[in-house]
Amino acid sequence: MKYIYWISAAVILASGIGFSIYFGIQPKTIPKITYSHFEAPSDLAKAVILRLNQELKSSPIVLLGVMPGRSYDLEVWKAFLAESSLPGLQYQVLVVDPDLPGVVDMFPGAVRVNFMKDTDRFIEGAKKALSQGLRMAAIVPSIYGSQLLKESPASLIKQKSDLQPASFSLAGFPRNSEQEQKQELLCVMGVNDRQGTGALGCAVQNKARLVYRKKSNPQKFEGLMDLVGERDYLILFNAPEAKAL
């Protein structure tokens with residue numbers, strides 16, 4: 001009997017250590033906007049400004065991430081820039097990555113910078129803007145703007161300069177476990193993460209699983225926002241079913 005006792009105790013101890021290690025390495029996230037429904041992308045933009053008014057005032061450089069091909073993501077940031085036109089919040093300089101579908105048409109007067117190839121140029125431009133007292137916003141693919149990805153341009157900017165941009169990365173999210181394998185950003189790690197975006201995909205999936213039981217309205221936009229790192233925000237955002245097709 002004593003052998004069974006010691007074996008059971010060892011199993012319990014090992015399980016406890018395993019759980020501690022697992023939860024210890026998970027990124028600590030802080031909810032900023034709880035799961036909500038929105039009538040339009042502009043309503044999400046207004047919610048971000050209302051919730052992060054002070055944080056935005058202290059963020060002269062922001063990276064606004066979108067998923068390529070989702071026009072409603074661009075609509076969020078168009079409304080964001082319009083709503084943040086008050087003194088202390090306004091971003092006088094706008095940069096866009098021209099490879100993003102539709103971004104040049106929606107923001108025709110913006111400076112065009114290929115964020116992946118011209119990271120150094122962006123750094124130089126951002127420093128010049130700051131020296132002139134100007135605030136800068138850049139609309140880029142979410143995988144470029146997220147600081148969860150260690151090789152992303154956003155992370156490289158922090159490594160190569162003293163700039164401290166705030167990142168806001170939009171991404172669609174699954175509404176049940178069956179949809180997880182259909183997401184653009186898959187949760188895959190290690191050798192299976194061929195695109196290098198697994199960390200962001202896992203952040204999306206892990207947060208989405210917490211709202212699977214929330215009642216979804218297929219006629220409305222739905223979303224939430226978490227702080228997932230220092231000046232790094234993840235925004236899960238889905239369009240109404242008919243609009244997403």
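How many bridges join strand 6 to strand 8, and do the two run parallel or antiparallel? Keep that question in mind as you look through these views of a predicted model.

**View 1. The whole chain, to get your bearings.** Welcome to a chain built with ten helices and eight strands. Of its 245 residues, 46% count as buried. Among contacts between residues at least 6 apart in sequence, 68% join residues at least 24 apart. The chain exposes about 13,300 Å², and carbon and sulfur atoms supply 56% of that area.

**View 2. Strand 8 and its covered residues.** Strand 8 spans residues 232-238 and is mostly covered, with seven of its seven residues buried.

**View 3. Strand 6 beside strand 8.** Here is the reply to the opening question: five bridges join strand 6, residues 166-171, to strand 8, and the two run parallel. To find your place in this pairing, look for Leu 170, which stands opposite Ile 235 of strand 8.

**View 4. Strand 7 and the hairpin.** Strand 7, residues 221-229, is joined to strand 8 by seven bridges, and this pair runs antiparallel. A handy landmark is Leu 227, standing opposite Tyr 233 in strand 8. Strand 7 and strand 8 form a hairpin with two residues between the strands. In this hairpin, Arg 231 takes a positive phi near 55°.

**View 5. The disulfide of Cys 187 and Cys 202.** The count for this model comes to one disulfide. Cys 187 and Cys 202 form it, with their sulfur atoms 2.0 Å apart. The pair links distant parts of the chain, 15 residues apart: Cys 187 lies in the loop between strand 6 and helix 9 (198-209), and Cys 202 lies in helix 9. The torsion about the S-S bond is about 90°, so this disulfide is right-handed.

**View 6. The two cysteines and their cover.** Are Cys 187 and Cys 202 buried or partly exposed? Cys 187 has a relative accessible area of 29%, so it is partly exposed. Cys 202 has 12% relative accessibility and therefore counts as buried, the cut-off for buried being under 20%.

Conventions: Residues numbered from 1 in each chain as written. Predicted model: local features only at pLDDT ≥ 70, side-chain atom pairs only at ≥ 80, totals over all residues. Heavy atoms only, no water. Buried < 20%, exposed > 50% of the residue type's maximum accessible area, 1.4 Å probe, protein only. Helix = DSSP H or I, 4+ residues; strand = E, 2+ residues; numbered from the N terminus. Pairing = 2+ DSSP bridges. Disulfide = S-S within 2.5 Å. Contact = heavy atoms within 4.5 Å. Areas by Shrake-Rupley, 256 points an atom, 1.4 Å probe, with all protein chains shown as cover.
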